Amino acid sequence: MNTIGIIGSGAGCIAILKSLCKHNVCNLKICIFSEDHSQVGYAYKKAPDFFIMNTRLDSLTQFDEIISVQKWLQSHNYFFSDDDYIPRSVYGKYLQDVKEILFLQLENNSCVLELIEKADYIDNAGKIVSDGKKYNVDTTIVSIGFGSDLLNDRLFSAIQSCDSSRPIKIYGSGLTAIDLILYAHSMHPNTSIECVSYSGRFPRVRSQFKSGEGSLFEGFSTGNFGLSNIIKNFNSLLKDDIEKSIIYDEKFSLIDEIRYCESNIPEWQKVIYSSTPSYCKVYQSLRKKEQLLIHKIKSQIIENRAMFPLKNARKVWNLINNKQLKISKGYYSGEPSTGNEFLAFNTTKTTPFLTFSKLPKHDITGVNVDNNCKVIDSRNIYCLGPLTNGSRFFTEATSLTVRDASIIVDNILMQHGHI
């Protein structure tokens, strides 16, 4: 019986299990290593209901063939419309049930599943070490997101206990910062909050589009385009001066952006999302110099790609309008100097797991993997998700993780002669 070790129990793990079930694998031992098997990864942990998904309900279809998310919600007395953004904790419960169904399917195919505490590292022989015990596996798949949980209980506790008589300062202005703003306000409703970031802007506001058509990369052929061509294509989608200002004017008002997105569905937003399946291929087609540039300006790209829903944009604007929140340009230069300062971005370049596992580094960032997400060293290890940034892409997207999980399983089964 072959053994696969999966490190991490989030969406990437579920995508691997889904692909294994799709191939109707039999007589396989699957060891899953996770700090907490009662919930699904860091992203969907138990959290306040105002921590919502950034994707509409009717686009959360990655695991519908296992169980429809809308049917699951109704059966659990959750009632949302297709254009709602459901709480992340609720989606986490759904994913946990999806995982349980996949467990049952695999067990019915004579597979053995073993749930083990979190992995400490992978040794030089490819064995997974957990709490001093070594586990022999034929293949390891590492799916640990960014490797650490920024929105953790320690951070929530620190925000709860901070001095409400003094302003709260949050470094960063991305989607995590918005979560921290809303959380800090819920804990200290009368305390002012200041957001400081490199751009001095929140991400773009997402209009009520479901999904788009077309591609940002239409007409491009491998080797015959560069970053300037992509930017030119993107700029051609901006239909008027307001949309150009939304993208390029750092002083453009959040309330004006909200009002525009309430009454319009910008074409560029739909196209960015519909282009997602091509992101890896296009990134890998660029010259090394341009890949490096993309990583350098990653935050600016993500501000446009990682949009936040109108629902939360209105909440943020209300805080600004009520003089309870302000945002400014600035830099984080070191550790927070007071108990009222908090980081909304990850400053760690690696984790103990990655360090002790001695996974080869890509010369831009992340782990060095090939086109099948296989780590380029002598061990039989695959990586999934943000760990492959640098080799595969420059940021994460769940749909890419699900797609790469299928690539990994196909490659593993081909190696062992199952397909």
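Student: What is asparagine 304 in contact with, leaving aside its neighbours within four places in sequence?

Tutor: Asparagine 304 is in contact with Arg204, Ile247, Trp268 and Ile272, with those neighbours left aside. Contact means heavy atoms within 4.5 Å.

Student: Before I go on, what kind of model is this?

Tutor: This is a predicted model, where local features need pLDDT of at least 70 and side-chain atom pairs count only at pLDDT 80 or more, while totals for chains, interfaces and linings use all residues. Residues are numbered from 1 along each chain as its sequence is written, and side-chain values use heavy atoms, with hydrogens and water left out.

Student: Back to asparagine 304. Where is it found, and is it buried or exposed?

Tutor: Asparagine 304 is found in helix α12, residues 298-305. Its relative accessible area is 13%, so asparagine 304 is buried. Buried means under 20% relative accessible area, exposed means over 50%, and partly exposed lies in between, using a 1.4 Å probe and protein chains only.

Student: How are helices picked out?

Tutor: Helices (H or I, at least four residues) and strands (E, at least two) are DSSP runs, numbered from the N terminus.

Student: And how many helices and strands are there?

Tutor: The protein has 15 helices and 14 strands.

Student: Different spot. Where is tyrosine 283, and what does it touch?

Tutor: Tyrosine 283 is in helix α10, residues 279-285. Not counting residues up to four places away in sequence, tyrosine 283 touches Gln291, Ile294, His295, Ile364, Gly390, Ser391, Arg392, Phe393 and Phe394. Tyrosine 283 has 2% relative accessibility, so it counts as buried.

Student: Gln291 is on that list. Which helix holds glutamine 291?

Tutor: Glutamine 291 is in helix α11, residues 288-296. Apart from neighbours within four places in sequence, glutamine 291 is in contact with Tyr283, Gln284, Leu286 and Ile364. Glutamine 291 counts as buried because its relative accessibility is 10%.

Student: Now helix packing. How do α1 and α15 cross?

Tutor: The axes of α1 (residues 11-22) and α15 (residues 398-415) come within 8 Å and cross at roughly 45°. Axes are lines fitted to C-alpha atoms, for helices over the stretch in contact, and angles run from 0 to 180 degrees between N-to-C directions. The two helices, α1 and α15, are therefore oblique to each other. Angles under 35 degrees count as roughly parallel, over 145 as roughly antiparallel, 65 to 115 as roughly perpendicular and the rest as oblique.

Student: Is the crossing of α1 and α15 left-handed or right-handed?

Tutor: α1 passes α15 in a right-handed crossing. A crossing is right-handed if the near helix is turned clockwise from the far one by less than a right angle, and left-handed if anticlockwise.

Student: Which residues meet there?

Tutor: From α1 there are Gly12, Ala15, Ile16, Ser19 and Leu20, and from α15 Thr401, Val402, Ala405, Ser406, Ile408 and Val409. The contact of α1 with α15 divides into seven nonpolar, four polar and no charged residues. Ala, Val, Leu, Ile, Met, Phe, Trp, Tyr, Cys and Pro count as nonpolar, Asp, Glu, Lys and Arg as charged, and the others, Gly among them, as polar.

Student: What about α8 and α13?

Tutor: The axes of α8 (residues 254-263) and α13 come within 10 Å and cross at roughly 150°. That makes α8 roughly antiparallel to α13. The contact is made by Leu254, Ile255, Ile258, Cys261 and Glu262 of α8 and Leu310, Ala313, Arg314, Val316, Trp317 and Ile320 of α13. By class, the contact of α8 with α13 has nine nonpolar, no polar and two charged residues.

Student: Last one: how much of the protein is buried?

Tutor: Buried residues make up 51% of the 419 residues.
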